[in-house]
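Please read it alongside the sequence and the structure shown here.

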Amino acid sequence: MARIGQRSGAAATAMLGLGVYRPERVVTNAEICEVLDSSDEWIRTRSGIRTRRYAGEGETLVAMATRAARGALEASGVGVDEIGTVIVATSTHTQHSPAAAPLVAHELGSRAASFDMSAGCAGFCHALSVGSDLVRSGNASHVLVIGVEMLSRFLDPTDRGTAFIFGDGAGAVVVGQSDEPGIGPVAWGSDGSQSHVIRQEPGCEHVDADHPMAVRMEGTAVFRWAPFAMADVAREAVAEAGLTMSDLDAFIPHQANMRITETLVRNLKLPDGIAIARDIQDSGNTSAASVPLAIEAMLRHGEAKPGDTALLIAFGAGLSYASQVVTLPATAGVSASVAG
Ligand code: UT7
């Protein structure tokens, strides 16, 4: 029998650079409540959200992903010709075919292998793990990992369970070889018995006519599940990395709800002084984009710095979840409206 050759790749990988794109338009709770039967006070106290951003004309999903990717390339100093794979994590690209990733690669001037991943709000952490493994296996020297969402097109503005939560945006990292390991082993899994809890379904009269699906969520079910089940997953990620909670500089969970974050912080007994991501205040829940956007916000505000050790965890539709310990990358701060 012929013996098939296999590649071997980098001994260690890391995120080499980060870029983000935040849409121009800031949407306040007051604006949401022009249609939704709710209040600024209820939204702030129940979710922590003050504002979110919605994509406007020209800020397509592919355009936002491309802008974030350019930022990641700039921050990493990696040329587009060095990218071997482009992975786009998203649940709001409006077509199964073509996937968004080849379109992003084309915009960047790349012919790299490109594909989308659908793991709901956990998409970025899934894609980061796969990207790291591609470099470790030798199948790519560098991978662009992008989380991007345009949830505003999938919202029923009258739905009290979702209309105020979600926002739009994109975050991207370049993953490549590094001297020291900067992406720990992933702790991940799924529970398809709860697939009905977060879903897209047709038949909503209010959403954009081009995208006649609306996100529906049984928020209380997620709320009962996430702060406890996800604490176990986060502990597993830290243990798999050979670390303890006291080694962490930052905790950067998926920005689902501020109260979920606070409960996770308590359940994990995180050490005093650890930086906690709270980008949900200004970005809402941007699903697969939320973790890279939250990293960027912490770096920009000086709450964390490149080289810090951070625990990432993301969870959502599926239900799917993934967590890993990482070394934070540098960022180019490329967003048109990054400081807004
Ligand atoms: O990213 C994917 C993962 N998703 C999540 O992590 C979301 C997790 N879940 C949540 O964030 C929360 O469940 C929500 C923020 C969606 C809802 O918060 P909650 O504390 O679970 O509210 P609830 O549904 O238990 O409702 C509490 C009260 C009810 O009133 P009564 O019965 O106590 O009088 C609701 O009728 O709040 C009322 N309510 C609202 N009031 C104003 C429910 N939704 C709203 C609303 N505005 N939008």
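Buried area is the accessible area, taken with a 1.4 Å probe, that two parts lose on being put together, summed over both. The model is predicted: local features need pLDDT of at least 70 and side-chain atom pairs count only at pLDDT 80 or more, whereas totals for chains, interfaces and linings use all residues. Residues are numbered from 1 along each chain as its sequence is written, and side-chain values use heavy atoms, with hydrogens and water left out.

**Domain contact**

The domain assignment divides the protein chain into domain 1 (13-177) and domain 2 (187-329); such bounds come from an automatic or database domain assignment. A distance of 14 Å separates the C-alpha centres of domain 1 and domain 2. To the contact (heavy atoms within 4.5 Å), domain 1 gives 53 residues and domain 2 gives 49 residues.

Between them, domain 1 and domain 2 bury about 3,900 Å², and carbon and sulfur atoms account for 62% of it. On the side of domain 1, the most area is lost to domain 2 by Arg22, Cys121 and Cys125, together 17% of what that side buries.

A salt bridge is defined as a side-chain nitrogen of Lys or Arg within 4 Å of a carboxyl oxygen of Asp or Glu. By this rule, 5 salt bridges cross the interface of domain 1 and domain 2. Across the interface of domain 1 and domain 2 there are also 22 residue pairs in polar contact, both residues at pLDDT 80 or more. A polar contact is a pair of N or O atoms within 3.5 Å; within protein, one must be able to donate a hydrogen and the other to accept it, and residues adjacent in sequence count only if both atoms are side-chain atoms.

Elements that give two or more residues to the side of domain 1 that touches domain 2 include β1 (13-21), α2 (40-47) and α5 (123-137). The largest share of that side, 7 residues, comes from α5. Helices (H or I, at least four residues) and strands (E, at least two) are DSSP runs, numbered from the N terminus.

**Salt bridges**

The structure holds 16 salt bridges.

| Pair | Distance |
|---|---|
| Asp279 and Arg22 | 3.4 Å |
| Arg216 and Asp156 | 3.1 Å |

Arg216 lies in strand β10 (residues 213-217) and Asp156 in the loop between β6 and β7, so this pair ties together parts that are 60 residues apart in sequence.

**Ligand surroundings**

The ligand is surrounded by 21 residues, of which the closest are Ser38, Arg46, His254, Asn257 and Asn285; a residue is counted if one of its heavy atoms lies within 4 Å of the molecule. A nitrogen atom of the ligand lies 2.6 Å from a polar side-chain atom of Ser38. A polar backbone atom of Arg160 is 2.9 Å from a nitrogen atom of the ligand. In the side chain of Arg259, an N or O atom is 3.2 Å from an oxygen atom of the ligand.

**Backbone features**

Most residues other than glycine have a negative phi, and most peptide bonds are trans. The peptide bond from Ser97 to Pro98 is cis, with omega near -10°, and Pro98 is placed in the loop between β4 (85-89) and α4 (100-108). The bond from Gly318 to Leu319 is likewise cis, with omega near -10°; Leu319 belongs to the loop between β13 (309-316) and β14 (320-327). Lys269, a residue other than glycine, has a positive phi near 50° and is found in the loop between α7 (258-268) and β12 (275-276).
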